[in-house]
Structure formats: structure tokens, C-alpha cells
Amino acid sequence: MSEDDVGVFVESLRNSLAAVEQLPCVTIAAIEGAALGGGLELALACDMRIAGEESLLGLPEVALAIIPGAGGTQRLPRLIGIPKAKELVFTAKRLRSKQAEDIGLVTESVPAGTTVDRANEIALGLSKHGPLGLRMAKKAIDDGMQVTLTAGYEVEKYCYSQVLRTSDRIEGLKAFAEKR
């Protein structure tokens, strides 16, 4: 692949992962095996990451004299903090899922072979929540993290206003009051 072709490819990949990240629904990555480089960048574009205990996660690009180019240098520090993200990117360190869970890179480490089942279990639980509430909670968090705290409060206010007069909200409050 020529340098120009590589640039076009990486830009296309970056745009595709941004589209995943911007989906209005909650996304869950189920990781079994290796999630290295682009595989981890795809998982980082998801809202939650469930990883089997034998999984190996990392961004090894600097060991190849390149950098993560599909959003990894931007999503990783926002998820786990700048110092730990620099350590992982600069050293090309690979982590097992339990280590990744300990630093907040994955939501949950599960026994090998149960990852998809656990992701489906979480998705089923989410499906019982009001879809607009989930969508607005995701929007409030995602959009709010891109602005100052004060501006984030305004994002939250807007998102709350979108659920205020919905039948989902009324039913949710009724179910809470009835302890069901």
C-alpha cells in the first residue's frame, strides 16, 4: 500500500470508528483473544468493553514506528487518564483482561469463553430501561466530556429536558414507587 493509500485507509478507519462511537444506542464490545492496535481502537469506540480472561489488549503501534491512528491516542487517555495512556502507548505494553479491568480499560473481565454471553446479559438488562433515557444519558456523558464542567451541566439540562415529558419517565417513576 502506498503512503497515500495508507493515509486514506487510516482516515476511513478513523471515520468508521467515530461513527460507531456516535451511535445513539449503547454499544458493548465483547473481546475474546487479541485486541491489539485497530482491534482495541474499535473496542475503545464502544461504551462498554467485556473481555475474556485470556484476552490480550494493547496499542503496539509505536513498536512498529507508527502511532495508533484510528482514535486510540484520543480515546484511551479520556478513558484511563493521561499518564497510564502514555505508558501503554509509549511502551506498546500488552495487558491481560484483569489488568485492563484494574485500570478501567475494560468494564469487566470474565472467564474465557463467556464474553459474548456476558455482553448479551448486559444488553438484555439495558433493553429493560427506557430507550430514550439511555440515549440521553449516553449523549449527556459523551457530549458533556467534550466541554467545560459548566457547559456540561447545560448539556445535561438539555438531555434531561428530552425525557421530562415522556411516558417512559412516568412509567419508570411509577415502577420505582411500586418497588417493581
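View 1. Arg75 lies in helix 3 (residues 72–80), where helices are DSSP runs of H or I with at least four residues, numbered from the N terminus. With a relative accessibility of 11%, Arg75 counts as buried (under 20% relative accessible area, with exposed over 50% and partly exposed in between; 1.4 Å probe, protein chains only). Its side chain reaches the backbone oxygen of Ala70 at 3.0 Å. Beyond neighbours within four places in sequence, Arg75 is in contact (heavy atoms within 4.5 Å) with Leu17, Ala18, Glu21, Glu41, Leu44, Ala45 and Ala70.

**View 2. The buried face of helix 3.** Gly72, Arg75, Leu76 and Ile80 are the buried residues shown in helix 3. They fall within an arc of 100° seen down the helix axis, so they line one face of the helix; the arc is taken from the directions from the axis to the C-beta atoms. Their cover includes helix 1 (3–21), helix 2 (38–44) and helix 4 (82–91). Just after helix 3, Gly81 takes a positive phi of about 100°.

View 3. Strand 2 runs parallel to strand 4 (residues 56–58), joined by three bridges; Leu36 has Gly58 as its bridge partner in strand 4.

**Notes.** Residues are numbered from 1 along each chain as its sequence is written, and side-chain values use heavy atoms, leaving out hydrogens and water. In this predicted model, local features need pLDDT of at least 70 and side-chain atom pairs count only at pLDDT 80 or more, whereas totals for chains, interfaces and linings use all residues.

Key. Pairing = 2+ DSSP bridges. Helix = DSSP H or I, 4+ residues; strand = E, 2+ residues; numbered from the N terminus. Polar contact = N/O pair within 3.5 Å; in protein donor to acceptor, adjacent residues only side chain to side chain.
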